[in-house]
2 protein chains.
Amino acid sequence: MQRRKFLKTAGIAAAATAVAAPAIAQSMPELKWRCTTSWPKSLDTLFGGPEYAAKRIAEMTDNKFQIRVFAAGEIVPALQVADAVQNGTVELGHTASYYYFGKDPTFAFDCSISFGLNERQQNAWYEFGGGKPMMREFFKTFGIHNIPCGNTGAQMGGWFRKEIKTIEDVKGLKMRIGGFSGQVLARVGGVPQNIAGGDIYPALEKGTIDAAEWVGPYDDEKLGFNKVAPFYYYPGWWEGGPQVSMYVGLKAWDSLTPAYKAILEAACAEAHKWMVAKYDAENPAALRRLIAGGTKLRPFSRATMEGFYKASTEVFAENSAKYPTFKKIYDQWLNFRDEENLWFRVAESSFDNFMSHISSQKKT
Amino acid sequence: MQRRKFLKTAGIAAAATAVAAPAIAQSMPELKWRCTTSWPKSLDTLFGGPEYAAKRIAEMTDNKFQIRVFAAGEIVPALQVADAVQNGTVELGHTASYYYFGKDPTFAFDCSISFGLNERQQNAWYEFGGGKPMMREFFKTFGIHNIPCGNTGAQMGGWFRKEIKTIEDVKGLKMRIGGFSGQVLARVGGVPQNIAGGDIYPALEKGTIDAAEWVGPYDDEKLGFNKVAPFYYYPGWWEGGPQVSMYVGLKAWDSLTPAYKAILEAACAEAHKWMVAKYDAENPAALRRLIAGGTKLRPFSRATMEGFYKASTEVFAENSAKYPTFKKIYDQWLNFRDEENLWFRVAESSFDNFMSHISSQKKT
């Protein structure tokens with residue numbers, strides 16, 4: 001009788017637990033997802049971003065939501081991340097959206113277009129300037145939920161074997177340039193090449209290309225471009241603040257609990273901040289090392305910049321005529337960009353320029 | 001017999017559940033915390049930051065970890081947040097660390113010192129430049145675990161009733177200025193006042209003070225300074241990228257599970273990015289409205305800026321002599337700042353300056 005009573009009580013407890021259990025199971029299910037990327041593992045900034053996000057997601061869920069991050073080519077080629085996520089080959093992909101401009105140039109607003117937004121302006125446009133709803137609607141047509149997950153800051157203008165004194169010097173130049181902005185290079189007579197990060201060095205070394213840009217001092221030094229091209233130009237007018245993104249397959253996204261959706265987004269925001277901070281912290285010493293090793297730092301002249309700018313406005317006008325979604329976003333985006341720049345030159349740039357003046361007087 | 005068998009089976013299930021339950025209970029306990037802030041509710045950027053973090057923490061934990069955010073003065077005065085967290089009056093506080101420079105000027109590195117880091121450089125110093133371990137060690141002595149949770153970007157130089165043509169015009173000027181940099185103002189003959197955001201307008205209106213600075217166009221317009229002072233100067237050389245922080249009482253922090261620690265930190269990082277983006281998105285239109293309403297925008301002259309800079313180096317030397325921890329951090333920080341500025345003027349500022357040139361040609 002004692003035993004029967006115990007069992008009966010236990011039975012009630014079990015029933016009570018059984019009612020509570022589904023809620024817990026639903027909010028923290030065990031998941032093992034795969035994230036393919038466009039980056040070689042050696043780039044601990046770009047590849048480090050999704051790795052950082054995955055680590056934080058595991059911590060926030062007591063290891064219940066686990067994500068394995070793969071380098072470019074391990075399971076999917078570097079420039080096919082969008083397809084792999086769209087097809088459901090993987091649940092997640094970390095990539096630069098402008099790689100997919102061939103599908104539709106609208107992709108590029110999720111990353112960077114020539115003479116575009118700097119890192120802070122891209123975040124502002126995305127979160128408060130109308131960017132997020134427009135881009136989410138666009139990505140939905142490709143079966144992707146896109147989440148900002150990193151930025152490189154303003155990039156360098158790349159590595160050249162010969163000096164670029166005027167825009168005429170670009171004519172006939174075979175150059176690796178990221179994504180959509182190759183159309184601008186082509187308009188002034190250059191020959192753009194869309195090559196994945198890990199494949200640029202051999203192409204430059206063999207002379208298949210004459211020039212190449214990737215990101216900035218820290219990454220470019222790792223990829224070794226300084227060994228084969230002496231002139232290092234700035235700024236990268238096509239990448240003032242390129243954003244990299246976490247792609248989530250729409251079905252995978254819809255399968256997540258509200259808590260896991262929030263955890264994934266928060267981890268991407270944290271990884272974003274982490275990546276920008278890492279680039280900003282590592283680039284100064286890398287640039288010093290490059291210059292000490294013989295790299296010749298050169299600014300694009302004002303006239304060269306203006307030539308590229310003029311070409312870019314023509315390219316955008318052409319794409320606006322061909323792609324209605326591109327035009328709709330471009331018109332809104334362009335006004336936002338100009339308003340931001342008028343404000344940034346007041347407090348932000350006047351402060352930065354004074355500080356550059358101070359620090360350059362102290363140091364060389 | 002059937003019934004006994006059912007109960008026995010249920011009993012086994014209950015035992016299995018009882019083993020699993022504590023792990024779930026431990027990782028997601030029910031918590032209700034309070035967060036006091038230094039901000040009036042009307043400032044939906046600064047006050048909005050901890051509110052945003054609280055909302056995301058609730059979402060990430062299925063409402064198990066709930067944080068109630070209070071405006072300045074609701075439970076703790078605006079400038080006593082550090083004390084309230086240290087004493088355990090509240091578990092959390094959201095504030096600007098330079099308000100507590102009277103306890104030790106080292107607090108200011110967690111926010112901003114004159115001619116300091118911009119927003120990105122502050123993040124870089126904190127995460128990868130040695131800032132975090134040094135500042136965590138310092139805050140521990142005050143019983144606080146500090147987490148970056150927002151930034152305003154470069155601020156404006158404030159509102160003045162008369163023009164500031166040379167540094168001589170600052171002499172005798174009673175000015176509300178945030179935190180530690182009042183010492184720099186005092187050194188050139190000004191009379192600094194440390195007044196909470198919500199109390200500045202009445203002081204300026206009554207003539208208790210002659211000038212005041214808060215943040216930038218969006219906040220300053222809300223606080224109404226333009227109604228009582230016509231000249232709006234830039235840049236705020238004492239706040240190139242002031243960080244605001246989430247303070248966690250050390251006991252409260254230590255009581256959190258690893259998952260909740262990660263969730264709190266990730267939510268603060270997300271709120272940080274949110275706040276900077278909101279300021280950057282809202283400021284341009286606010287500045288246009290202010291100028292349309294008669295505000296006169298003025299830059300501090302180069303000579304005036306250099307005068308303030310000279311005064312600031314003297315103030316830092318004095319504080320270094322008095323406070324060993326300040327000196328240790330200042331020496332490391334100063335080298336980091338100068339290296340950052342030499343890099344930022346290459347890609348980042350040359351891009352921003354070209355874009356300002358383009359946008360100002362298009363618009364007025």
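This is a predicted model: local features need pLDDT of at least 70, side-chain atom pairs count only at pLDDT 80 or more; totals for chains, interfaces and linings use all residues.

Colleague: How many residues does the contact take from chain B and from chain A?

Modeller: A residue is in contact when heavy atoms lie within 4.5 Å. By that rule, the contact takes 88 residues from chain B and 89 residues from chain A.

Colleague: What area is buried between chain B and chain A, and what share do carbon and sulfur atoms give?

Modeller: The buried area is summed over both parts. Between chain B and chain A it is about 8,200 Å². The share given by carbon and sulfur atoms is 64%.

Colleague: How many salt bridges does the rule find across the interface of chain B and chain A?

Modeller: A salt bridge requires a side-chain nitrogen of Lys or Arg within 4 Å of a carboxyl oxygen of Asp or Glu. The side chains of Arg120(A) and Asp280(B) form a salt bridge, at 2.7 Å from N to O. Across the interface of chain B and chain A, the number of salt bridges found is eight.

Colleague: Which helix of chain B gives the most to the side that touches chain A?

Modeller: The rule finds 23 residue pairs in polar contact across this interface, with both residues at pLDDT 80 or more. Several helices of chain B each supply at least two residues of the side that touches chain A, including helix 1 (2–27), helix 11 (302–322) and helix 12 (324–344). With 20 residues, the one that gives the most is helix 10 of chain B.

Colleague: How do the residues on the side of chain B that touches chain A divide into nonpolar, polar and charged?

Modeller: Helix 10 of chain B gives the most to this side. The residues of the side divide into 41 nonpolar, 21 polar and 26 charged.

Colleague: Which strands stand at the edges of the open sheet of five strands in chain A?

Modeller: This sheet has the order 2-1-3-10-4, with mixed pairing.

Colleague: Which residue is the bridge partner of Thr37(A) in strand 3 of chain A?

Modeller: Strands of a sheet pair through backbone hydrogen bonds, either parallel or antiparallel. Strand 1 (residues 31–37) and strand 3 (residues 92–95) of chain A run parallel and are joined by three bridges. The bridge partner of Thr37(A) is His94(A).

Colleague: What angle does the direction of helix 10 of chain A make with that of strand 4 of chain A?

Modeller: Helix 10 (residues 258–292) of chain A packs on the sheet, touching strand 1, strand 2, strand 3, strand 4 and strand 10 (243–249) of chain A. Its direction makes an angle with that of strand 4 of chain A of about 30 degrees.

Colleague: Which residue stands opposite Met175(B) in strand 7 of chain B?

Modeller: Chain B has an open sheet of six strands in the order 7-6-8-5-9-11. Three bridges join strand 6 (residues 174–176) of chain B to strand 7 of chain B, and these strands run parallel. Opposite Met175(B) stands Pro192(B).

Colleague: Where does Pro235(A) lie, and is the peptide bond from Tyr234(A) to Pro235(A) cis or trans?

Modeller: Pro235(A) is in the loop between strand 9 (231–234) and strand 10 of chain A. The peptide bond from Tyr234(A) to Pro235(A) has omega near -10 degrees and is cis.

Terms used
Residues are numbered from 1 along each chain as its sequence is written. Chains are lettered from A and ligands numbered from 1 in the order in which they are written. Side-chain values use heavy atoms; hydrogens and water are left out. Buried area is the accessible area (1.4 Å probe) that two parts lose on being put together, summed over both. A polar contact is a pair of N or O atoms within 3.5 Å; within protein, one must be able to donate a hydrogen and the other to accept it, and residues adjacent in sequence count only if both atoms are side-chain atoms. Helices (H or I, at least four residues) and strands (E, at least two) are DSSP runs, numbered from the N terminus. Ala, Val, Leu, Ile, Met, Phe, Trp, Tyr, Cys and Pro count as nonpolar, Asp, Glu, Lys and Arg as charged, and the others, Gly among them, as polar. Two strands pair if DSSP finds at least two bridges between them. Axes are lines fitted to C-alpha atoms, for helices over the stretch in contact, and angles run from 0 to 180 degrees between N-to-C directions.
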